[in-house]
Amino acid sequence: MPQKSESRGRGAEENPKITRLSIPQGFVSLILNAVAGWIDAVGYLAMLASIQMFPSFMSGNLTKIVTGVVNGNGATSLKIAAGVLAFFVGGVVGRLVNAGEARRDPVSLALVAGVLGASAVNLVMGGDAYLTLLALAAAMGMINHAFSGHMDFHVRTYLSGMLVTLAGKVADAIAGRGNWREAVGPVVTLLSVLIGALAGALTVIHAPLVVSISLPAAVIAALVIALLTGLVGP
């Protein structure tokens with residue numbers, strides 16, 4: 001009899017461990033990086049072909065501003081510059097909302113999802129496509145500060161920085177100053193962005209534009225729920 005009681009108590013302790021679902025923080029960061037790649041592909045491919053602005057990766061935009069002025073396309077350069085400014089303002093707002101505190105993550109992510117959702121609504125209501133593009137840029141500025149992240153994985157919307165980090169890790173490993181495992185984080189982060197961009201491009205081709213924007217907004221909204229319900233673990 002005591003043995004039955006003991007086994008029942010042991011089972012009661014083990015059940016929560018078996019049934020509990022935990023999403024690693026690093027995986028959340030990778031999802032958000034994929035969203036950044038997704039939105040960049042959608043904005044570049046499907047919105048205002050005359051501008052061809054990146055909503056997420058600003059390095060190319062800054063170069064296009066200068067080359068546009070030199071080539072006599074000042075109007076296009078001004079529109080791209082406004083997009084860069086929207087990204088910058090989004091980054092400022094994102095940092096004001098969340099300065100790296102985990103307890104702020106749900107609020108800051110909800111803000112990003114809200115801006116993306118508003119962009120989709122604007123399209124459905126026949127709103128100006130350029131305003132939608134600016135909103136996407138602002139949301140991507142916010143996403144850089146929207147999640148406190150993990151020591152190996154961060155939300156970053158600049159590919160050049162990822163490549164520089166990866167190159168440094170590879171060089172350190174070759175020289176014996178570091179371990180090859182240290183390059184895993186930058187590689188996986190870069191791949192997550194590229195996979196997101198591929199998914200976004202395919203969605204643009206095979207689905208309405210509003211769907212291409214609504215899907216990443218829904219993904220971020222799901223992450224907010226996961227954070228609020230304690231499903232995101234270390």
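**Close-up 1. Helix 2 against helix 9 in a predicted model.** The axes of helix 2 and helix 9 (residues 209-228) come within 10 Å and cross at roughly 165°. Helices are DSSP runs of H or I with at least four residues, numbered from the N terminus. Axes are lines fitted to C-alpha atoms over the stretch in contact, and angles run from 0 to 180 degrees between N-to-C directions. Helix 2 and helix 9 are therefore roughly antiparallel to each other (angles over 145 degrees count as such). Their crossing is left-handed, a term for a near helix turned anticlockwise from the far one by less than a right angle, with right-handed used if it is clockwise. V28, I31, L32, V35, W38, I39, V42 and A46 of helix 2 meet residues of helix 9, including L209, I213, P216 and L223; contact means heavy atoms within 4.5 Å. Ala, Val, Leu, Ile, Met, Phe, Trp, Tyr, Cys and Pro count as nonpolar, Asp, Glu, Lys and Arg as charged, and the others, Gly among them, as polar.

The model is predicted: local features need pLDDT of at least 70, side-chain atom pairs count only at pLDDT 80 or more, and totals for chains, interfaces and linings use all residues. Residues are numbered from 1 along each chain as its sequence is written, and side-chain values use heavy atoms, with hydrogens and water left out.

**Close-up 2. Helix 2 against helix 8.** Helix 2 (residues 25-46) packs on helix 8 (residues 184-206) at an angle of about 40°, and the axes are 6 Å apart. The crossing is right-handed. Among the residues of helix 2 that meet helix 8 are L30, N33, G37 and W38. By class, this contact has 13 nonpolar, 7 polar and no charged residues.

**Close-up 3. Helix 3 against helix 4.** Helix 3 (residues 58-70) and helix 4 (residues 74-97) have axes 8 Å apart, at an angle of about 155°. The two are therefore roughly antiparallel to each other. Helix 3 passes helix 4 in a left-handed crossing. M58, N61, L62, K64, I65, G68 and V69 of helix 3 contact G74, S77, I80, A81, V84 and F87 of helix 4. The classes here are 8 nonpolar, 4 polar and 1 charged.

Notes. Parallel < 35°, antiparallel > 145°, perpendicular 65-115°, else oblique.
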